[in-house]
Amino acid sequence: MVLLLATILYSGSSPRYNVVRKIRLLEQQVEKLHEGIRLLEALDASGTKANEFRYDSVSLSPPSTQKVSRCETIHIAMVAAGYNTSRNVVTVVKSILFYRRNPLHFHLVSDAQAKITLSTVFETWQLPAVEVSFYSAEEAATQVSWIPNFHYSGIYGLLKLTLTEALPPHVDKIIVLDTDVTVCANVAELWQFFALMRQAGKLLGLVENQSDWYLGSLWERHKPWPALGRGVNTGVMLLQLDALRTVEWRSTWTNVTRKVLRSYKSAALADQDVINAVVKETPDVHYLLPCTWNVQLSEHALSEHCLRDAEEYKLVHWNSPMKQMVRNEHAPYFSSLHQAFQQYDGNLMKNMLTNCYHNNTEAMKGDLDESDPCLDVRLEQKLKFRTHPFFLHYDYKPSGDHDVTLVAQLSMERVHMLDPLCSHWHGPMSLVLYTSDSEACQFLHSMSTHLPLMSRRKNVALHIVYKDRRSQMYPVNYLRNVALKFINTHYVYLSDIDFLPAFGLYDHLQYMLQTTSSEEKVALVVPAFETFLYRADFPQNKSQLLDMISSGKVSSFRADVWSKGHRATDFEHWHIATEPYRVKWQEDYEPYVVVRSSVTPYDTRFAGFGWNKVSHIMALHAQGYEFVVLPNSFMVHMPHAPSLDIGRFRWSKHYRDCLMVLKREYQTELVRKYDVQFS
């Protein structure tokens, strides 16, 4: 089944109807595999020796009488903290969604950063029949902070112990997953075991640990925590929350842990050590799940004992710090499956599932007039693009009240500009990459090789906005708004990715912000220039720039083809200026400016090429902003191939006409809102 799935998922270039057809074919294959699975037999491990695997239930499923109702909501919990874990959560969720047929409710115990990221991911994903609730990891950590733990997950590896109290009382049972798993079956099959657990009076459902760790035989003087036989692995757990609350679960694991810590300095495997100590002391609480629901792939895992007897596996667990790079003979095989889900187009998940929910999503056309000749252009502003903020690790605290973040957006065709930009601007940046799931994975894996400067930076917030097949244009203003939303400095420098700022501009802007007017409605203009020479030396200062202008190597930006865009900057005066000077707004003015980060957002009706910056500067003018040109600041546009959208603007009269319609409508709205007149 893995080979079939990987083959299907890698065919990303196929038309959408082919992808859906292949998904349906895969679902039929999965159903055929399920037909021959045997009924679950009662497990009696009383005669099992400590060093033997208890795999007599290796591939069994609950009886058909325990089938989950199609419309029953399945609850799933995960602990998510930090940037990398947020990406992992998305991959786990994709693998769950691919097979699911039931409504889902995800319960995420997350730190503040992961909540920002994942709440945006799910809100913009717009998945049918999926709910998400967040719980504070910081609050949960107070319950376990007293437990010394050397596991690489840190204190977050203990938070699953707190779920009985963290989750609301109405959640009476829950599947708990680590974020380093890949689901390979419908989780409703796992949910069925709750009925059997309740019949047997069991509180915890877990799979046996698939290594010799708890036997204490991995190396000399290895002293693991107490466990029953090989112990259990907590990467997948079924928790009967109502029953656990009744028996005062927190007191149970707390008392057992304090008792064990009299003989052990710390936990080595976080919550897994604690759970094993509890199971060792009270074995009747534990229900043994089939090993196929937690095929473990650590360096010491003996998962072949499960795989050789299994008709199919349900879930793969990368329980090693090396994750998919782990030295395990089975890892390459399963890694292809994991990568397939990473690269799978998450937008396809919107169309999967279920007859169990009423789709209240408004049609894209909404109240638009279908006879409108510009309907195709207007539809672009109705789209909500799936967004993953802080795709990479970001660690930056503003240096002061005048710190400034460079804001820009790009597609994969402009990724090569990132390292040159990093060499010119050492301050914080908020960048948005418009790309596909597959391209985002490629970008992530190739960063260290192709973008060495970018890969070392921790003050560059990179956000992903995923392509939507319904969109025919580059959503430039949507991307800019995403970048603006996730800013932690007081000021922003609104730039574009194909410009390089002058060396030292970051420090210079902070100085100018301290010395110029502190009025809120002031936009500092950074004059824009361009060169058509791919190998031209970048000017080190204004004097060198003026020399390059005199020699014809550099000119003011778009002076020949769109002089209105920057004419108001008054470049002739800039050449001789030594002090900041004010300029008046002119129609179609679109300078690059430094403003407060609370600046009004861009208008998303303008997608593709044309009027996207003009409309924003027009809004600033309507709000009473003054434009002040900085005499010793500049930026230079670097040559590149033209975009598809500029081609549409140049060759499609329909497109240009519709843009003018949108511009007039927008201008009318500004006049009404701000009582301003445009000359």
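How many bridges join strand β20 to β22, and do they run parallel or antiparallel? Three bridges join β20 (residues 581–583) to β22, and the two run antiparallel. Strands here are DSSP E runs of at least two residues, helices are H or I runs of at least four, and both are numbered from the N terminus. Two strands pair if DSSP finds at least two bridges between them.

Quick housekeeping: this is a predicted model, where local features need pLDDT of at least 70 and side-chain atom pairs count only at pLDDT 80 or more, while totals for chains, interfaces and linings use all residues. Numbering starts from 1 along each chain as its sequence is written, and side-chain values use heavy atoms, with hydrogens and water left out.

Back to β22. Y581 has V629 as its bridge partner there. Then there's β17 (residues 522–526), which runs parallel to β22 (residues 626–629) with four bridges; V522 sits opposite E626.

Okay, helices. The axes of α18 (residues 476–485) and α22 (residues 612–622) come within 9 Å and cross at roughly 55°; axes are lines fitted to C-alpha atoms over the stretch in contact, with angles from 0 to 180 degrees between N-to-C directions. That makes α18 oblique to α22, oblique being whatever is left after under 35 degrees (roughly parallel), over 145 (roughly antiparallel) and 65 to 115 (roughly perpendicular). On α18 the contact (heavy atoms within 4.5 Å) uses V476, N477 and R480, and on α22 it uses N612, K613 and S615.

The structure holds 27 aromatic pairs, meaning Phe, Tyr or Trp rings (six-membered for Trp) with centres within 6.5 Å. F106 and F122 make a tilted one, at 6.1 Å centre to centre and 35° between planes; under 30 degrees would be stacked, over 60 edge-to-face. F106 is in strand β2 and F122 in helix α4, so the pair ties together parts 16 residues apart in sequence.
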